[in-house]
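Please look at the sequence and the 3D structure below before reading on.

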Amino acid sequence: MGDTLDFTDVYAIVRGALSAGRLKLNKTGIVFKSKKTGRVDSVPIADIESTKWMRVARGFGLKIALKNGQFYKYDGFKEAEYQKLKEFYRKHYDTELEEQELCVKGWNWGTPKFDGSMMSFEVDNKPAFEIPLKDVSQATTGKNEVTIEFHRSDDASVSLMEMRFFVPLDPEGTVDNVKEFHEKITAKADLIQATGDAIVTFEEVACLTPRGRYAIRVYPTFLQLHGKTYDYKIPHTTVLRLFLLPHQDNRFMFFVISMDPPIRQGQTRYPFLILQFERDEEMTCKLNLSEDEIENKYNNKITQDLSGPIFEVVSKVLNTICQRKITVPAQNFKSGANSCSITCSYKASNGLLYPLERGFIFVHKPAVHIRFDEIANVNFARGSTTGRTFDFEVELKNQGAAGTNNVVTFSSLPREEYSQLYEFVNKKQLRIKNKGGKDKGGKGGHLDAMMESDDEEHDAYLQKVKAEGRERYDDSDDDDDSDEDDEDFVPNEQEDVREEFESDVSSSSGSDSDASSDDEKKKKKKEKKKKEKEKKRKSSGGDGASKPKKSRGETSGGGKKAKKDKNAPKRGLSAYMIFSNENRQKILVENPGIGFTDVARKAAEMWKAQTDKTKWEALAKKDKERYEREMKVYKEKVASGEIVPTNAKTSSSKSSSSKSNSKKSSSSSSKNIKDMLKSKSDGKDSDKYKSKEFIDSSDDSSDEDSKKKSSAPAKSTKKDDSDSDDSGSASEAEQKSSPVPEASRSSRSRRAGGGDQELVALDENGSGEEEEEAQHSGEQSSDSDSD
């Protein structure tokens, strides 16, 4: 056994709440350090009177009794640790570790026994429960009962606030049992009562938190803040630290008192008391202490008469009376303004950040104190797009409560303070999260370059935004250029493009000049655009010219995310998962009531502590071979058709059927147009100019319509300005031979009906040309139908 014993998961019982910390036993004594506040309680060997080992609610605990009547109780030990503690006590402390048995009958009738600052309620000469009298805040008496009240603990979700004891009267009447019981409790209780005169009073002190002006009265055991609305009492035992911090303007001084538990105002808690004093303000006072008290109680650390600046007088008095050291800013840090603090913001409030020798403190609202030993790492981050400020992020080791974050961020620090803060953090050997590679000077390369860059010369974020904007602008220009190329009108190329169901016109120069109207150009451009878009849409599947956006749940291949095959064999477990499954039940037994996330955290810590992991790695390798063997057999069964995967796809048949339907529809439409054009060459002139509604109708209906139209007078239609000279009035023979009303004809068919010479030219065209036109018209109609 070594010279020390270290327990990392031990809890100190403070006002009924468990305060986590670290307990260390060495040759000189016992030391406990709280994880929350960093407070250190040291017990020398010479002061220890006895130590008892007892069973508590969860596990086992130690009760250390001191010679001055004080007690320390620690919880969280395991039964196997009793033997180690017993041997350590016997070897180094020359005392025995006593084992105390408790009464578990559950009776509420017993005998109270007072031992120092502890009251033990015994049943059958065994303690049933114990009450630390320093936790008692008030005690009142009745006819035959005593009521005691306890200090409220902010760390405990459920607290015991009051107990009542029935005290029987003395049958003879000679002794007042109620009064005697009450006096024993109040003698050791931590009662905050203003008895006697205060040692000193500081009038009208400006207080920033809680805000207002208070009269501070210093008593031997507590401080009293008396204001116009509220009064506060602060026991000296709750004071953790004292800070004396100069303001940047060198006009004021901050005096900060850190407390645990904090003072309360309704539901608001103040863990820090921040006082503000002017540097030039002086005072003279006389302490209400005798010479014997100064010599015996305070070891001549203070004098009866004090004078000087008020912040110095207050600091000296509280330092001596509360017996707490005063912390000042670090001597090896100077900001760019030759100050010991940095202006910054915390939670949208402006304040000052002070680097200390062993931590950081931010004042004033809300005040935050961070010790170096609770910092996991720090991070320097870019604060704004201009680069004039940066953020200082501090990540804490202790995880925050549920739903809270354990990262404290100080924002809007001036850029010129970066180098000084970086050097200070580096000297304190704090882990810098984004340190990266080091340059010759020993500083982080990429962050220094970021902070030292000139705003006007280079801004990395701004350059990135501009580059993305240029890319989008170039893409939009390419799209516009491609559209403009599609809209270019070339007469020679447009000569062969025909409208759907248009009349068969001659390719002479006269007809081309008639077709050069503005309306025709617009229509042709629109049709050209539609055709080009349709071609791009069809070709996008093969050449990847334009890819549609992926919907949610789609993979990189374009399809939806593959579902898990339930019939497939299970994958092999990793070495860590095998280790976790083996030790899960052990963790639950050793830590009853632990949550699921805590189980996973404990398993991860145990896995990390393992030095030899060959056992679980061999099991993981064996399980992997099993998976590969079963997967090979499974694939063979799938290939032979014995097993059908649950995630098989059936979309190929649907796509093939849809493609076949589209092919059938396009072929039928092209066939109808070919038949129509063939009927033009074989039939009469009246059949050449039938519009779409007459193509699908029967012969009977077309004959009836022709008779009606021949008897009805001809109606004049409105022409364009460019066609007014060539249109003219149609001849009676042409009106009789054409059963289609002019309103239903296309523009070219109306123009074609204006001259007999064009009809003769159409009759003279050979059958070969008509077949070519029929084939071309069929392609045009299929494209328009698809549009």
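## Lysine 35 and its surroundings

Once its neighbours within four places in sequence are left aside, lysine 35 is in contact with Thr8, Asp9, Ala20, Gly21, Arg371, Glu374 and Asn398. Here, as in the rest of this report, the model being described is a predicted one. Lysine 35 has its place in the loop between strand S3 (29-34) and strand S4 (40-44), and aspartate 373, which is 338 residues away from lysine 35 in sequence, is 9.3 Å away from it in space, C-alpha to C-alpha.

Is lysine 35 buried, partly exposed or exposed? Its relative accessibility is 37%, and because this value falls between the limits of 20% and 50%, lysine 35 counts as partly exposed.

Tyr11, Ile13 and Leu18 together make a nonpolar surface patch of about 270 Å². One of these residues, tyrosine 11, lies in strand S1, which covers residues 5-14. Tyrosine 11 counts as partly exposed, because its relative accessibility is 34%.

## Strands that pair

Strands of a sheet pair through backbone hydrogen bonds, and this pairing is either parallel or antiparallel.

Elsewhere, an open sheet of eight strands can be followed in the order S18-S17-S16-S15-S21-S20-S19-S24, and its pairing is mixed. Which strands form the edges of this sheet? They are strand S18 (231-235) and strand S24 (326-327), each of which pairs on one side only. S18 runs antiparallel to strand S17 (residues 222-226), and five bridges join the two; in this pair, histidine 226 stands opposite aspartate 231 in S18.

In soluble globular proteins, nonpolar side chains tend to be buried together. The largest nonpolar core in this model has 40 residues, and the members that touch the most others are Phe202, Phe255, Ile257, Val317 and Leu318. Helix H4 (residues 310-321) supplies the largest share of this core, namely seven residues.

What does valine 317 touch, if its neighbours within four places in sequence are left aside? Valine 317 is in contact with Val200, Phe202, Val218, Leu287, Ile302 and Leu306.

## The protein as a whole

The protein has 787 residues, of which 35% are buried, and its secondary structure comes to 21 helices and 31 strands. The protein exposes about 49,100 Å², and carbon and sulfur atoms supply 47% of this area. Among the contacts with a separation of 6 or more, 51% are between residues 24 or more positions apart.

Technical notes
Residues numbered from 1 in each chain as written. Predicted model: local features only at pLDDT ≥ 70, side-chain atom pairs only at ≥ 80, totals over all residues. Heavy atoms only, no water. Patch = residues over 30% accessible without salt bridge, like charges linked within 9 Å, V, L, I, M, F, W, Y side chains within 5 Å. Areas by Shrake-Rupley, 256 points an atom, 1.4 Å probe, with all protein chains shown as cover. Salt bridge = Lys/Arg side-chain N within 4 Å of Asp/Glu carboxyl O. Helix = DSSP H or I, 4+ residues; strand = E, 2+ residues; numbered from the N terminus. Buried < 20%, exposed > 50% of the residue type's maximum accessible area, 1.4 Å probe, protein only. Core = buried A, V, L, I, M, F, W, Y, C linked by side-chain atoms within 4.5 Å. Contact = heavy atoms within 4.5 Å. Pairing = 2+ DSSP bridges.
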